[in-house]
Amino acid sequence: MLTIIANASVLDKQGNLEKKHILLENGTIKSLVDGHVDIADIQQEAAEIVDAAGKLVTPGFIDMHVHLREPGYEHKETIESGSRSAAKGGFTTIACMPNTRPITDNPDVIKLILEKAKEAGIVKVLPYAAITKNELGRELTDFAALKEAGAIGFTDDGVGVQNAQMMKDAMKIAAELQMPVIAHCEDNSLVVGACVAEGEFATKHGLKGIPNESEAIHVGRDILLAEATGVHYHVCHVSTEQSVRLIRQAKEIGIRVTAEVCPHHLVLSEQDIPGLDANWKMNPPLRSKRDVEACIEGLLDGTLDMIVTDHAPHSVEEKSKGMELAPFGIVGFETAFPLLYTKFVETGLWDLSMLVQRMTADPAKVFGLNTGNLEVGSPADITMIDLDTEKAVNPEEFLTKGRNTPFTGWKLKGWPVKTWVDGNVVWSE
Ligand SMILES: NC(=O)N[C@@H](CC(=O)O)C(=O)O
Ligand SMILES: [Zn+2]
Ligand SMILES: [Zn+2]
């Protein structure tokens with residue numbers, strides 16, 4: 001079956017927009033034809049023609065840090081609901097974190113996730129496995145068996161690996177298996193009982209603050225361990241100026257480190273938190289304006305390789321417990337691109353192509369995925385985006401089960417309107 005996405009605006013290698021017809025066949029990109037060719041001339045056997053006139057068409061977005069909550073927390077999200085939400089946000093490949101119940105620390109859970117994702121048949125789901133059993137930091141999991149079952153990397157996301165020797169042992173084994181270690185960087189001894197970052201908001205509300213060093217100490221430690229072991233080390237949700245600095249220096253001297261940053265850490269600081277509303281509570285927390293600036297700079301100069309959402313759905317009930325008691329985390333799939341497009345591209349601060357690359361080709365390159373581009377022969381994982389229509393964020397319209405977002409009511413442009421995975425439409429407005 002041949003699909004033609006006609007009259008699409010596509011970014012070329014130089015970042016310029018060109019008009020193209022994109023032909024999809026058997027799940028892959030068959031060809032890109034210049035827009036001035038009449039569609040009538042190429043449409044003979046086309047089963048479907050999608051008119052993309054006036055729309056941006058990009059590779060499907062890749063999100064290397066998400067929480068799908070299944071197994072165990074299906075009231076927050078399931079692999080199916082999370083996949084639908086991802087597709088609506090323009091994502092075609094997502095990598096899910098192991099802090100499920102049970103924790104994804106054995107091959108059976110990896111297999112279960114892969115099966116459920118296949119059953120859902122929506123987006124490509126790549127599971128991470130835990131570094132330590134139960135993410136307790138005491139005993140390593142069986143990396144070889146987890147890799148064999150389909151894990152794409154190792155992480156204890158949700159908590160930091162507190163013990164340096166444990167982390168070093170993990171990196172050694174991962175390096176031998178040519179697998180990456182992905183780290184949630186947080187030194188517990190510096191955090192105890194805090195729910196927001198140190199800063200004006202914490203002071204005003206008499207809350208204990210999370211200091212920047214709690215993140216950066218792990219980043220620094222792990223960079224040294226990565227240097228010693230040669231592993232590919234990837235830093236989760238970077239949020240501090242100090243972490244950006246350490247990663248930049250490490251890259252300069254050739255240590256194999258990569259990093260990600262979340263939309264909320266690029267558009268919000270702790271000063272934006274309106275009150276004691278747990279929809280503004282996430283880990284790492286919203287930090288100072290200086291940290292936000294440093295993260296933006298890091299993204300622009302490539303120190304931070306990719307954008308991830310850290311999509312972390314929780315129930316309304318859980319999030320109603322107040323700033324101190326509610327769990328950390330906000331949802332992210334359905335607002336990620338519109339948020340960054342509206343805040344940074346529409347305002348002329350960023351190139352559209354930089355934003356798209358950090359959500360497609362760059363994560364694909366870092367994790368060795370055969371997607372994230374519109375090249376002939378690649379999987380037809382594609383997103384079509386309306387850059388013109390302004391719409392307010394309405395959590396009631398989300399496909400995720402989560403309603404936990406700080407962006408309610410924000411008026412945004414850049415909404416994905418159609419998503420293809422392997423040539424099949426998986427979401428359409
Ligand atoms: N980011 C969050 O605030 N929460 C995540 C855990 C995590 O990513 O560390 C979660 O699982 O809810
Ligand atoms: Zn984390
Ligand atoms: Zn996470």
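Two residues are in contact here if their C-beta atoms, placed from the backbone, lie within 7 Å. This is a predicted model, in which local features need pLDDT of at least 70, side-chain atom pairs count only at pLDDT 80 or more, and totals for chains, interfaces and linings use all residues. Residues are numbered from 1 along each chain as its sequence is written, while chains are lettered from A and ligands numbered from 1 in the order in which they are written.

**Figure 1. The whole chain.** Let's start with the overall fold: 14 helices and 19 strands make up the secondary structure, where helices (H or I, at least four residues) and strands (E, at least two) are DSSP runs numbered from the N terminus. The radius of gyration is 21 Å, close to the 22 Å that the globule rule gives for 429 residues, so the chain is as compact as a globular protein of that length. That radius is taken over C-alpha atoms, and the rule is 2.2 Å times the number of residues to the power 0.38. Among contacts with a separation of 6 or more, 74% join residues 24 or more positions apart.

**Figure 2. The shell around ligand 1.** Which residues surround ligand 1? They are His67, Asn99, Asp157, Gly158, His184, Met282, Asn283, Asp310, Ala312, Pro327, Phe328 and Gly329, each with its C-beta atom, placed from the backbone, within 6 Å of the ligand. This shell divides into 4 nonpolar, 6 polar and 2 charged residues. In that count, Ala, Val, Leu, Ile, Met, Phe, Trp, Tyr, Cys and Pro are nonpolar, Asp, Glu, Lys and Arg are charged, and the others, Gly among them, are polar.

Figure 3. Helix 2 (residues 79–88) has 9 of its 10 residues buried. Among the buried residues are Ile79, Arg84 and Lys88. The packing partners of the buried residues include strand 6 (61–66), helix 3 (107–120) and strand 19 (424–428).

**Figure 4. Leu299 in helix 10.** Look for Leu299 within helix 10 (residues 289–300). Why does Leu299 count as buried? Because it has 26 C-beta neighbours inside 10 Å. Leaving aside neighbours within four places in sequence, Leu299 is in contact with Val261, Leu266, Leu304 and Arg358. Met354 is 55 residues from Leu299 in sequence, with 9.1 Å between their C-alpha atoms.

Notes:
A residue is buried if 20 or more other C-beta atoms lie within 10 Å of its own, exposed if 12 or fewer, and partly exposed in between; C-beta atoms are placed from the backbone.
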